[in-house]
Amino acid sequence: METVTDMNVLYDAFRASMKSSAWKEEPQRFETDFLSELVALHNELSDRTYQTLPGTEFTQHERGKIRHIHGNRMRDRVVRHALCDKVLAPTLHPYMIYNNGASQEGKGIDFSRALFERDLHNYWLEHRTNEGYVCFVDFSKFYDNIHHDKIKDTICPMLDDQAAWLLSSIVDTFAIDVSYMTDEEYATCLEDKFDSIRYYNTATDKMKTGEKLMYKSVNIGDQTSQNIGIYFPSRIDNYVTIVRGFKRYGRYMDDMYMIHRDKEYIEETLHGVYKEAAELGLFINEKKTRICKLSDTFIYLQVKYFVTDTGKVVKRINPKSVTRQRRKLKAYKRMLDKGIMTYDSIMQEYKSWMGRYTRIMSKAQIKNMKALYNQLFKEDVRWKN
C-alpha cells in the first residue's frame, strides 16, 4: 500500500485538492510554488514534525440543518487527501458492508436511494405482500460525539505506523476546549451528549484557556472526519446484518434503515442497536427513529415512499425539499443582484436539481418551479432527466 510520505502520493493529493478546493487562501505561495511546498510537507511527514495549521470556521445552513464547518489550509488539505485517498479508504472499505453508501467512490445519495428501493421491491418479491415494516434509525449529533480514543483503538491498528501516527495527530487537533466546565461537568463530558452548535454559539475565546480538553467530536469539513464517520458505526452494521441476520438493511452516514416482516423482531433488534451505539458513545435520536408500515407513507433521504399491495414502489419528492429549493432560488436572485453569484452558476444548479427530482415531482410542482424561475430570472431553462 502507498504511504503518505511518498512524493507521488503527495503530488496526486495536491492535484485532488486543487479540483475540490473551495478556498484559495494561499494561491500565490502554494499553487505557484507547490513543488517546494510538497518537499517541505514530505520532510515534515517523514520526521513527524508535521502540524495542522489554523484554518477557517463558519456556520452553514443546509437542508434544514445547522452545521459548524472547519476549513483546512491548502497544505493540510493535501495531507488529508494523501491519507484518506491512498491509505484510509483502501484500508477501511473492505471492512464495510456494501449498503454503506455515503462519500465513497461510485456511491452516494443516489446509490443509497436505489438500494433502498431495491430492498423494498425484493421484500415484496419474497413475501408477495406489502404487510411488513421498515425501521429508520437516526443518530443525534453524530460527528459531535465520536470519541477520539475509540478512533485510535479501532482504526489506527489497521494502519502502518506512519499513517497511524498521522491520523492520531490529526484527531488530536479535534480536541474541544471545555475549560469553562466545572470539575463535575468535565468528569462526565465524554458520557454526556455534546452539541457543537451550542458550544460555538456560547463558548467565547475568554472561556477557552486550554486547561481542560474534551477528546471527542470530529471537525465537519475535514476529509478525515468523513472517512471516520463512514466507518465508525460499522460495528452496528455488522450487528444488524450478521448477528440479527437482516437481508434488507442500509446506512447513509448517520441514517439507517432495516426492513422485516416481524415488527417484534425489529423492536428487539432496535434495542440491540441502542446498546451497540451506547458502547460506541453515540446517541440515537428517538424523535427521528421510528417503525413504519410498508403500506404507509414514509420518508428516507428526502424522498417519500410507500409500497402498494401489488408491489409497486411509489415515490414522491418530500415537499420540504421543494420549499427549500424555492427559497434557495430567491436567495440566489438576491446574490445575483449583489454580484455575489453569476447567472451561469445559478442556472447550472437549477438544471442539476430539476434533472434529479422531476421524475418524482407532480406536474403542479414542476409547473410552479418553472414559473418561479422564469419570474426571478426571465428565462425558460430546459434540463435533462
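Good morning. I begin with the lining of the second largest cavity, to which α5 (109-127) and β6 (249-252) each supply at least two residues. This is a predicted model, in which local features need pLDDT of at least 70, side-chain atom pairs count only at pLDDT 80 or more, and totals for chains, interfaces and linings use all residues. Residues are numbered from 1 along each chain as its sequence is written, and side-chain values use heavy atoms, with hydrogens and water left out.

Helices (H or I, at least four residues) and strands (E, at least two) are DSSP runs numbered from the N terminus. A cavity is a set of points, on a 1 Å grid over the protein atoms alone, where a 1.4 Å probe fits but cannot get out; lining residues have an atom within 4 Å of a point. Grid points are joined across faces, edges and corners, and a volume is the space filled by probe spheres set on the points.

By this rule there are two cavities of 30 Å³ or more.

Which residues line the largest cavity? They are H68, H70, D144, S196, Y200, S217, V218, N219 and I220. This cavity holds about 60 Å³ of space, and β2 (65-71) and α9 (196-202) each supply at least two residues of its lining.

I turn now to packing. A nonpolar core is a set of buried Ala, Val, Leu, Ile, Met, Phe, Trp, Tyr and Cys residues joined through side-chain atoms within 4.5 Å. Buried means under 20% relative accessible area, exposed over 50%, and partly exposed in between, with a 1.4 Å probe and protein chains only. The largest core has 102 residues, of which F116 and L167 touch the most other members. Helix α4 (residues 74-92) gives the largest share of this core, nine residues. Leaving aside residues up to four places away in sequence, F116 is in contact (heavy atoms within 4.5 Å) with V134, F136, Y257, I259, F298, Y300 and Y305. A second, separate core of eight residues includes V178, F194, Y199 and M214.

Finally, the backbone. Most residues other than glycine have a negative phi. M253, not a glycine, has a positive phi of about 55°; M253 lies in the loop between β6 and β7 (255-260) and counts as buried, at 9% relative accessibility. K378 also has a positive phi of about 55° without being a glycine. K378 lies in the segment after α15 (363-377) and, at 65% relative accessibility, counts as exposed.

Definitions and conventions: 1 Å grid on protein atoms, 1.4 Å probe; cavity = no way out; pocket = protein on both sides within 12 Å on 5 of 7 lines; lining within 4 Å.
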